[in-house]
Structures are given as structure tokens and as C-alpha cells.
Amino acid sequence: MTIERPSRRTIVTALVLLALSAVFNAVFGLFTFGRSDDDTRESTTNIVSLPEANKESDVSVERAIANRRSRRTYDERPLTVAELGQLLWAAQGVTERLTGHRAAPSAGALYPIELYVVVGTGSVTGLEDGVYRYRPKTHELVLGQTGDVRSELRAAALDQDPVETAPVDIVVCSVDERTTQKYGDRGARRYVPMEAGHVGENIYLQAESLRLSTVSIGAFGDQRVADIVGAPEDQRPLYIFPVGARI
Ligand SMILES: Cc1cc2nc3c(=O)[nH]c(=O)nc-3n(C[C@H](O)[C@H](O)[C@H](O)COP(=O)(O)O)c2cc1C
């Protein structure tokens, strides 16, 4: 059998197509970031860079699934910035630079989820207490307000202890409009809550892998939680994850 060599024209066409797809991917990636990030709404002071997340672990995904439990009591040891960063990366970190795609799946890659972190006094080594927002694109935290608001958050969450006793609470909010603009009402009723579930399971499994403890909290007053974390009006809180060291 003879195999024909590709003609010069075929090679040039293939190269042009390759270049065009690279350009498209780069543009699409920027487009995705621009659409799904609230970075322009807040000041660029008080930014905390998080260390690059680990992509390897001695704990298999099977072991993490087998051991995962909702854990409602926490050791007093503060978390490290690396542990917090790892949890946020697992929840919403960018795992493909070119497209901006993230650790958890998202309908239409529209990424409606925003994460806030409520940090108690002395709860994370080297981090001031306050409410921070996670920026997936740059893997940073932006300080929105200072002060330990865990007791207010606990009151808003039907007085559930873990919300105040955990060193940090990750509050999962959504900007439904990002998804409804493409999928209509189905986006808000189904896709967005499904995505919060994906994010939540990633937090659970990452906590398990780091031997941290967490529980998903769905019982709270929506408006009160939104006010406490300073979420804009177009966002609704869906979940609270208190996280702390394992006892
Ligand atoms: C949507 C949802 C909402 C939940 N809300 C709460 C809550 O408000 N407070 C709480 O202590 N646990 C809450 N949980 C955790 C469940 O109680 C827990 O997952 C269940 O008891 C099973 O235990 P396991 O997670 O250890 O397997 C919630 C779980 C889900 C999935």
C-alpha cells in the first residue's frame, strides 16, 4: 500500500486552521472570564494571593468518597492560607488556562457561582478577619469588609453551631442571570442549584483529602446571609460550608 504525502497546500491549510483555533480559544477564554467574573465591581486594594494549588495527593478519590462525612465540630488550630486556597481551588479554581474552565462543571461554561469566605479572628494564619471574595481567574482573595461576622452568620443560619465554631465559612452564592440569559428559567431552577451541588461535593472531598472537617448548610435566611457577606443584589446565597481542622 502506498501512502501519499500530504501536499504543501494541505499542510498550509492545517497550520492556518490550527492557528485560527488557538486564536479562537484565547479569545473565548477571555470572553468567559469577562462574563463570569465580578472583578470590575470592587477595588483592587486588599488582595491576597493564594499559593498555587496542589494537583497531587496521597489520598485517592475513592478513599475521599468512602470517608466523606458531614462533620460539625472543629479543632481550634487555625487553617493555613494554603489549606484555604486548596479548598477554593477545588470549588471554583481555573483548571484550564486557555478556556478558563474550572474545577466544577458549569452549564454553558457560564460560571454563575461566586464564593465568599468568612474568616474569624485568628482563624487563618496570616489572614486578617473579615469577608473575602474568591477570584478564580487569578486565584486570589479580595477583602470586602473587616471584622469577625461568624456570630451574625450563625444567627442567620438558624443558630447552627458549626457556622460560628468553624474558623472559616465558605458561602456559595450564585449570579443566576449569567445562566438564565442563555437557558431562561430552567437555568435558575435547575442548572444553578445543580452547580452549587458540584461545588459543594468538591469542597467536601477536598476537605477529606486535607483531613479537614466540613458540613453543607442549606438552612438559613437568604437575605440575611447575602447582607452579611455583602453580596450584590443580583446574587443569592445557596450554601454555607463551615470548615476547620479535624479533631
Ligand atoms: C441540600 C443540603 C442541605 C443541608 N443542610 C444542612 C443544614 O442546614 N445543617 C446541617 O447540619 N446539615 C445539613 N446538611 C447535611 C446533611 O444533614 C447530611 O449530608 C446528612 O445527614 C448525611 O450525612 P453525611 O453528609 O455525613 O453523609 C445538608 C445537606 C444537603 C445535601
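Pro105 counts as partly exposed, at 48% relative accessibility. Partly exposed means between the limits for buried (under 20% relative accessible area) and exposed (over 50%), with a 1.4 Å probe and protein chains only. The model is predicted, so local features need pLDDT of at least 70 and side-chain atom pairs count only at pLDDT 80 or more, while totals for chains, interfaces and linings use all residues. Residues are numbered from 1 along each chain as its sequence is written, and side-chain values use heavy atoms, with hydrogens and water left out.

Pro105 sits in the loop between strand E3 (101-102) and strand E4 (113-119). Strands (E, at least two residues) are DSSP runs, numbered from the N terminus. Beyond its neighbours within four places in sequence, Pro105 is in contact with Glu195 and His198. Contact means heavy atoms within 4.5 Å. Gln92 is 13 residues from Pro105 in sequence, and their C-alpha atoms are 9.2 Å apart in space.

Seven of the seven residues of E4 are buried. One side carries Ile113, Leu115, Val117 and Val119. The other carries Glu114, Tyr116 and Val118. Both faces are covered.

E4 pairs with strand E7 (residues 168-174) in the antiparallel sense, over seven bridges. Two strands pair if DSSP finds at least two bridges between them. Val117 stands opposite Ile170 in E7. E4 also pairs with E5, again in the antiparallel sense, over four bridges. Here Tyr116 has Arg133 as its bridge partner.

Arg133 belongs to strand E5 (residues 130-135). With a relative accessible area of 3%, Arg133 is buried. Its side chain makes a polar contact with the side chain of Glu114, at 2.5 Å. A polar contact is a pair of N or O atoms within 3.5 Å; within protein, one must be able to donate a hydrogen and the other to accept it, and residues adjacent in sequence count only if both atoms are side-chain atoms.

The ligand is surrounded by Arg68, Arg69, Ser70, Arg72, Gln160, Val215, Ser216, Ile217, Gly218, Ala219 and Tyr239. Each of these is near the ligand, with a heavy atom within 4 Å of it. A polar side-chain atom of Ser70 lies 2.5 Å from a ligand oxygen atom. For Arg72, an N or O atom of the side chain is 2.8 Å from an oxygen atom of the ligand. A polar backbone atom of Gly218 is 3.0 Å from a ligand nitrogen atom. On its own, the ligand has 620 Å² of accessible area (Shrake-Rupley method, 1.4 Å probe), and the protein covers 55% of this.
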